[in-house]
Amino acid sequence: MLNDLLTVLPLTIVALLGCFVLLLDVLSGQTDRRYLGRITAAGFALALGSVYLLWGKTSLQLESPIFGGIMVLGRFELLACAVLLLIGLFVTLMSIDWAPEQGVSIGELYALVCFAVLGMMLLVTATHMISLFLGLEVMSVAIYVLAAFKRNSPYAAEAGMKYFVLGAFGTGLLLYGMAYAYGATGKLAFADVAQALAGKEPTGYVKLAVLMLVAAFGFKLALVPFHMWTPDVYEGAPAPVTALMAAGVKTAAVIAAGRVFVTALPPSALGSLEPTVFKILGVLAVITMTAGNLMALPQRNLKRMLAYSAVAHAGYLLIGLMAAHHVAGQPQVGDVMGALLVYLFVYALANLAAFAVVSLLGGQSQEDVSLDHLSGLSGRHPLGAAVLALAMLSLAGVPPTAGFFGKLTLFKEALRADEGKFPWLVVLAVLNSVVSVFYYLRVLVHTYFRDALRPVLLVRGTALTLALGLLAFLTLQVGLFPSRWFEATAQAARPATTQVSTSAAP
Amino acid sequence: MGSTLHLVGFALLKITLILLVFVMGVATVLTWLERKYSAFMQDRIGPNRANIGKLRLGGLLHMIADPIKMIFKEDFTPSEASPWLYRLAPFLAVVPPMVIFAVIPFGPGDAFVISNAGIGMLFILALSSLGVYGAVIGAWASNNKYSLLGGLRTSAQMISYEVTIGLNLVGVFMIYESISLQGIIVEQGDVLFGFLPAWGIVLQPVAFILFLFASVAESKRAPFDAPEGDSEIVAGYHLEYSSMKFALFALGEFIEVVGIACIGACVFLGGWQIPWVQHTGGILLTAAEVGIFIAKVFFLIWLQMAIRWTAPRFRYDQVMRLGWKYMLPISLANILLTGVVLYLVKGA
Amino acid sequence: MGAHYVPYVPIAILLLLACGMMAAILVINSLIGPKPRSVLHNAPFECGVEPIGSARSRYSVNFYLVGIFFIVFDIEAVFLYPWAVLYRSFLADPSFAFAAVAEMFVFVGILVVGLVYVWKRGALDWT
C-alpha cells in the first residue's frame, strides 16, 4: 500500500496542486492572479522532480501493477508522465502573461490545467477500464471548461459547446465499447480481457466493442471522419488551452489507445477479426493523413492550419499504433511504443512552440491569428519568429529539428514491425509529409519575408519568453542529439510492455 | 402457481393493512388533527362545524366532509396549460411517498414489511428524489407565474436538503453496517454500557436533528414553506390546482409526514425495539413491539406538527443558506467524526 | 419462480394499486364535477389582472447552480454508501484499518475543497 502511494507521487502532487491553487484563488482575494500561475509552474516543476526521483528508485517495484492492478507506473509511464508534466508546465508559463491581456485573469485556469494534466497522467497509467474512463473524464471535463474559458467570446463558447457535445459522444462510445468488452469477457482489467478472449472466435459483442473503441479513440485523436470538431475547437479555444489540447490530449489518448490495443485487444485476442481491424485502421490512417494535409493547405488562419495539421499527425501516429498492435506480445512492442512516445514528445514540443507564438500574438484579446498577422514578426519579435520557424520545420519533419527524428523512428519501427504490411502505409505517410511542407513553410515565408501588414499587439512577459526559449532549446536538443532520447524511451518501454505481454499470455 | 398466488395474496393483505388502513387512515386523520392542533396552539377553536345531525365529534367529521366536498368541485385546468403534464403532476406528488412504505418494517421479521428487499434506504432515497418532480412538473404545466416561482423554489430547496439527508444517513450506515431498514433496526437492539439502548438518536444525535429538519424541509412544511409561501406567491406550485387534484397534493404532503416519521423511527428511534427488552418472539411481545413502533411514529408526527406551528417561515435565502452553509458542513464533519470514533473504538 | 425478484413483486403491486386508486379518484372527480364555463374563467390566476406573456420565461441562474451542486454532492453521498456499509469490516482488518480512515479523509476532503470553492466564489449566496 505504501509502495503504491509512493509510486503515484507525481499524480498526488498534481492533484494537491490543483486543489491548492483553486482554494488559494478564492481565499486570497487578490485581483492579480499571476502569482497563481507561478505557483502552478513551480508545482509542475516539483512533480517533474518527483518523477526524476522515482526514476532512480530501484527499491520501489516500479514495473508491477499498483492499487490492485488498476494502474501501472513503470519507467515508460514515468516518461510519459514527464512529457505530460512538461506540457502542463509550458501551458502554465504561456498563460501567466497571456491571461491578464485577455481579461480572463481567473484563477480557475491554473487549477483546471492541473486537473487536466492529472487526468492525462491517469490515462497513460491506466491498465483497467475503470481507471481509463476515470482518467479520460477528469481530463475531458477540465478541458471542456477550459475551451470555453473566454466566456465573453462567441468563438470560445462555440468551441466549448462543440468539444463538449462531441467529446461526450466519444466518451459514450468508449463506455459502450467497455461495456461490450465486459459483457463478452466478464473482465475489466486489460490483461484479463486479453486472456479471456485469447484463442476464441470473436463473438458479436467483441466486434461491437472493438468498433466502438476504435470510434471513441477516433474522436479523441481527431481521426477522419471523427475530426469535425477539431478546426472550430482549435480556433475558438484560447491559445494556451489549444496547446494543451493539441499536445496533452493527443499524447495521453495515443498512449491509452496503444495500451488498449496492445494489452487488452492484441491480435491474439481478436482472432479472425484481426485482418478486418487492421484494414479499418489502415484506411483510417490513410484518409486521416491525406484529408488532414489537403484541408490544411488552403488555411490562412494559423490555429485552423494547426488543427488540420493535428489531424494529419494523428494519421501518422495511427500507423505507429497499428505497428504496436501488430507486434503486441513480442519484445519489439517496447521499441514501437518508445518510438510513439518520442514522436509524441517532439510533436508536443513543436505544437507548444507554435501555440506559444499564437499566445504571443494575442495581445488585448485578439481572436484571429491569420498569416497576415505573422508578417514581419521577425523584425518585431526575433525570438518568437525563430521559435515559430523551428516549430514549423519540426512539424514538417525537416532535419535537424526534432520532428525529423520523430518521424524517422516511428516509420522505421513501423517497417520493422512487418515488412509485408506496412510499406505502403509508410510511403503514403512520407508523401503526405512532403505535401505538408508547403503549408508549414508558407508560415515561414510570412514570418521572415513579408513586411508587416497590420499592427499586432504582442504579449510581453518574462514567463512567455522563458517558455519560448526553453521550447526552442528542447526542440534543437532532441534534433541534434536524438539517440540519447530514443534509447532512454525504448529502454523504458521494453520491460513495461514485455511484462504486460507475459501476464496477458494464457 | 400456488406459491405465486400465495405471494400475491399475502402482499395484497399487507398492503391493505399497512397502506390503506394505517397510512391512509393516519393521513386522513392528520388533515383534521393538523388544523385542530394549530387551533390549540393559537388559542382558537378550530374546525368544529361538520356534523351529522347533532353528532359533531369535535369536528372529526371534517375529514370525511372535505373529500366529499372536493370530489364535487370543478376539475380546473388553466388555459395554455400542458394538459398531460398537468394531470401527471399530482400522481408524482402522491405515489412516491406511498410506495416508500413498501420497505418500512412495522415489526420484527418478514411478516410486518410489505417487501423484504435488502435495498431499504436506497429505495427510499430514490423515491424521495422523485418527489420533486411532482411539484416541478405541476408548476411548469400550470403556465402560471406564481406557480413557476414556487416550482423553482421547491426544486432548489428539495434537492438542497436531499444532500443533507443523504450525507446524514452515511453515519448511520457506518455504525449499523446495513442499508436495509430491518437490518438497521435489529442492530439497534444492543445495549451500550449496560443501560443505554444503541439507538440512532444516541449514537448519531447530530444526524438525527439534521435529518429531522432536512426532512421537514423536504416535505415543504413550515418553517420551510417558502415554496408555497401564501403571502408572497399565493400557493406556489399547486396554485392552479383545484378539487381532487389539489387534494392529492395535500394528501401527498400528509403521507410524507407519516413517511418521515416512520423512517425516523426506524433509523433513529430503534424501530420496533423496546428498550431493555430482548426480542424473543411470542405473540404478545410482537404485538407490543408493533405498538411501540406506532407510538414512536406518532411521537415524530407530533414533533413535526409542533415544529410547523411554532416556527415562523424562513426567508428563501435563509433556507438555502441553512442547507448549504450550515447543514452540509456539519453533516460532513459528522461523517468524519463517526469514522474516527469507530476507528478508535474498533473492538467494541 | 426466480428468488431474486420476489421482494419486488409486492412493490410492483403496491405501485399499481397506488396509481390505480389515484387515477380512479381523478376520473370520478372529472365526471361529477362541474364543467368550465368561459374563456376568462380558465385564465391563469394573477390576482385578477389579465396575464401578460407566458409564464415559461427565463429564470435566475442560481437555480441551475443549485442543480449542479446537488448532482455533485448527492452523487458523492451515494458513492459513500457502499463504503459506509463496509467500513467496520475494513476496520476489523488490522492491515487495512488505517487506510480505510485515510481514504475517508481523502474523499470527504475533496468534497470539502469543492464546497469551500463554491462557497467562497459566492455561488451559494442568494441576495
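Author: Start with confidence. This is a predicted model, and chain C averages a pLDDT of 81. In chain C, 91% of the residues score at least 70.

Reader: What ipTM and pTM does the predictor give the complex?

Author: The complex has an ipTM of 0.82 and a pTM of 0.86, both given by the predictor.

Reader: Next, the secondary structure. How many helices and strands does chain C have?

Author: Chain C has three helices and zero strands. Along the sequence, the pattern of chain C reads α-α-α.

Reader: Why is chain B called as compact as a globular protein of its length?

Author: The globule rule gives 20 Å for 348 residues and the radius of gyration of chain B is 21 Å, which is close, so chain B is as compact as a globular protein of that length. Its C-alpha atoms fill a box of roughly 65 × 50 × 50 Å along the principal axes. Of the 348 residues of chain B, 53% count as buried.

Reader: What share of the contacts in chain B with a separation of 6 or more comes from residues 24 or more positions apart?

Author: That share is 76%.

Reader: Now a pair of helices. At what angle do the axes of α8 and α10 of chain B cross?

Author: Helix α8 (residues 205-218) and helix α10 (residues 243-268) of chain B have axes that cross at roughly 170° and come within 11 Å. The angle is over 145 degrees, which means that α8(B) is roughly antiparallel to α10(B).

Reader: Which residues meet there?

Author: From α8(B) come B:Phe208, B:Phe211, B:Leu212 and B:Ser215, and they meet B:Ile260, B:Gly264 and B:Phe268 of α10(B). By class, the contact of α8(B) with α10(B) has five nonpolar, two polar and no charged residues.

Reader: Last, the contacts between chains. Which pair has the most?

Author: Two pairs of chains touch, and the most contacts are between chains B and C. That contact takes 66 residues from chain B and 60 residues from chain C. On the side of chain B, α1 (2-41), α3 (83-99), α5 (145-176), α10 and α12 (316-344) each supply at least two residues. The largest share, 14 residues, comes from α12(B). The side of chain B that touches chain C divides into 42 nonpolar, 13 polar and 11 charged residues.

Reader: How many residues does the contact of chain C with chain A take?

Author: It takes six residues from chain C and six residues from chain A. The side of chain C that touches chain A has four nonpolar, no polar and two charged residues.

Reader: How far apart are the nearest C-alpha atoms of chain A and chain B?

Author: They are 16 Å apart, and chain A and chain B do not touch.

Notes
Residues are numbered from 1 along each chain as its sequence is written. Chains are lettered from A and ligands numbered from 1 in the order in which they are written. This is a predicted model: local features need pLDDT of at least 70, side-chain atom pairs count only at pLDDT 80 or more; totals for chains, interfaces and linings use all residues. Two residues are in contact if their C-beta atoms, placed from the backbone, lie within 7 Å. Ala, Val, Leu, Ile, Met, Phe, Trp, Tyr, Cys and Pro count as nonpolar, Asp, Glu, Lys and Arg as charged, and the others, Gly among them, as polar. pLDDT is the predictor's confidence in each residue, from 0 to 100. Helices (H or I, at least four residues) and strands (E, at least two) are DSSP runs, numbered from the N terminus. Axes are lines fitted to C-alpha atoms, for helices over the stretch in contact, and angles run from 0 to 180 degrees between N-to-C directions. Angles under 35 degrees count as roughly parallel, over 145 as roughly antiparallel, 65 to 115 as roughly perpendicular and the rest as oblique. The radius of gyration is taken over C-alpha atoms; the globule rule is 2.2 Å times the number of residues to the power 0.38. A residue is buried if 20 or more other C-beta atoms lie within 10 Å of its own, exposed if 12 or fewer, and partly exposed in between; C-beta atoms are placed from the backbone.
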